[in-house]
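This report describes a protein model, taking its helix packing, sheet, cores and backbone in turn. Please look over the sequence and the structure before reading on.

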Amino acid sequence: MATADALRYTRIPLTPGSGAIPALGFGTLIPDPTATKQATKTALEVGFRHLDCAERYRNEDAVGAAMQDVFTAGKIQRKDVFVTTKLWNTNHRPERVKPAFDASRRRLQLDYVDCYLIHTPFAFRPGDEQDPRDERGQVIYDPGVTLIETWRALESLVDDGRCNAIGLSDITLDKLREIVAAARIKPAVVQVESHPYLPEWGLLEYCKLHGIVLLAFAALGHGMKPSLLEDPVIAGIARRLHKTPAQVVLAWAVQRGTALLTTSTTPSRIRQNFDLSTIPEEAMQEIRDEITTNVRFNAVVKTGVPGFIPQVG
Ligand SMILES: NC(=O)c1ccc[n+]([C@@H]2O[C@H](COP(=O)([O-])OP(=O)(O)OC[C@H]3O[C@@H](n4cnc5c(N)ncnc54)[C@H](OP(=O)(O)O)[C@@H]3O)[C@@H](O)[C@H]2O)c1
């Protein structure tokens with residue numbers, strides 16, 4: 001168990017040879033490029049050492065510019081930051097993987113990427129249109145490529161030496177099992193929605209057994225209703241421990257052995273989200289036992305189409 005002061009610096013070892021991932025990650029799913037650059041710089045300055053990016057977010061160049069500013073200022077070096085980015089659904093065909101990866105690296109201004117993920121297991125029609133639709137507005141999927149074929153292309157990126165670790169996102173346990181069984185290089189990271197309203201204990205157990213890091217997105221419930229941060233169990237623990245609800249939820253995620261992603265464009269919240277310390281075992285247990293609300297906020301796992309769904313009521 002990490003001591004109170006060290007929790008925020010927790011790093012989780014990746015499959016042998018791939019280094020370690022900082023448990024606290026800052027997500028860059030921020031629509032506005034100026035806000036992306038500012039928030040990314042703030043995140044690095046307050047101490048975040050893991051940035052989560054994606055070609056789909058269309059702002060890798062803003063993240064790259066933020067990193068360059070911070071590296072040039074001299075306080076943080078490239079090697080100190082763990083950068084994850086993701087292959088979009090329209091680039092699943094093996095011949096499209098390396099060009100997509102290199103384009104992400106160029107936009108991020110990086111020689112190498114620490115972790116590259118297949119953003120979703122759904123292949124869309126290949127091309128420059130990220131959201132291809134037919135005349136009825138239905139997504140056009142690509143039946144001409146399998147997930148394992150795309151995975152093999154990611155394995156080649158590791159062989160080429162410009163990508164240290166590879167993994168999957170928005171994947172179900174069944175599909176993950178298939179890839180683990182067939183892979184030459186096993187997934188090091190699996191990124192899925194997870195928080196106390198969607199703890200994914202079964203997936204976490206499988207990941208721990210196979211040395212895979214579960215990287216939880218929407219760690220604070222994406223600010224949506226029902227509000228995790230207003231949950232009476234979370235709020236009660238926060239009051240008792242003199243922490244904010246967000247700090248309780250993020251500490252819970254780290255202490256149960258996941259890495260996490262949180263996002264904010266508010267400097268004081270970015271700082272608050274890094275300023276974590278360990279919560280007592282009773283509080284961990286209380287969250288596990290007392291919270292019965294079960295909500296998935298993002299339907300991407302079912303369709304490959306990104307987007308948080310507003311909950312009714
Ligand atoms: N693989 C995938 O399909 C996928 C899907 C979604 C997200 N992601 C990744 O996961 C990252 C995090 O996801 P997320 O945006 O859902 O994260 P989140 O941290 O659960 O939600 C962000 C929301 O919470 C608010 N917030 C942040 N800190 C707070 C605090 N201390 N107190 C109160 N509210 C707070 C933010 O508001 P303000 O900005 O107004 O402060 C923002 O509205 C994304 O950036 C992206 O990198 C991946």
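Is the crossing of H5 and H6 left-handed or right-handed? The crossing of H5 and H6 is left-handed; by the convention used, a crossing is left-handed if the near helix is turned anticlockwise from the far one by less than a right angle, and right-handed if clockwise.

The model is predicted: local features need pLDDT of at least 70, side-chain atom pairs count only at pLDDT 80 or more, and totals for chains, interfaces and linings use all residues. Residues are numbered from 1 along each chain as its sequence is written, and side-chain values use heavy atoms, with hydrogens and water left out. Helices (H or I, at least four residues) and strands (E, at least two) are DSSP runs, numbered from the N terminus.

**Helix packing**

Two packed helices are described by the angle between their axes and the distance between the axes. Axes are lines fitted to C-alpha atoms, for helices over the stretch in contact, and angles run from 0 to 180 degrees between N-to-C directions.

| Helix pair | Angle | Axis distance |
|---|---|---|
| H4 and H5 | about 50 degrees | 11 Å |
| H5 and H6 | about 15 degrees | 11 Å |

Angles under 35 degrees count as roughly parallel, over 145 as roughly antiparallel, 65 to 115 as roughly perpendicular and the rest as oblique. H4 is therefore oblique to H5, and H5 and H6 are roughly parallel to each other. H4 passes H5 in a right-handed crossing.

Contact means heavy atoms within 4.5 Å. On the H4 side, Leu147, Ile148, Trp151 and Arg152 meet Lys175, Ile179 and Ala182 of H5. Towards H6, the H5 residues Leu173, Leu176, Arg177 and Val180 meet Gly202, Leu203, Tyr206 and Cys207.

**The barrel**

Eight strands form a closed barrel in the order S3-S4-S5-S6-S7-S8-S9-S10, with parallel pairing. The twist from one strand to the next averages 25 degrees. Two strands pair if DSSP finds at least two bridges between them. S9 and S10 (residues 259–262) pair in the parallel sense over two bridges, and Leu260 in S10 is the bridge partner of Ala216. Helix H4 (residues 147–160) packs on the sheet and touches S5, S6 and S7; the direction of H4 makes about 160 degrees with that of S7.

**Nonpolar cores**

A nonpolar core is a set of buried Ala, Val, Leu, Ile, Met, Phe, Trp, Tyr and Cys residues joined through side-chain atoms within 4.5 Å. Buried means under 20% relative accessible area, exposed over 50%, and partly exposed in between (1.4 Å probe, protein chains only). The largest core has 65 residues, of which Met67 and Val189 touch the most other members. Helix H8 (residues 245–255) gives the largest share of this core, eight residues. Not counting residues up to four places away in sequence, Met67 touches Leu44, Leu51, Val83, Leu108 and Leu110. Another core, of 29 residues, lies apart from it and has Val113, Tyr116, Trp151 and Ile171 among its members.

**Backbone features in loops**

Lys225 and Pro226 are joined by a cis peptide bond, with omega about -5 degrees. Pro226 is in the loop between strand S9 (213–217) and helix H7 (232–241).

Gln109, a residue other than glycine, has a positive phi near 60 degrees. Gln109 is in the loop between helix H3 (94–108) and strand S6 (113–118) and counts as partly exposed, at 43% relative accessibility. Glu200 is not a glycine either, and its phi is positive, about 55 degrees. Glu200 lies between strand S8 (189–193) and helix H6 (201–209), in a loop, and is partly exposed with a relative accessible area of 22%.
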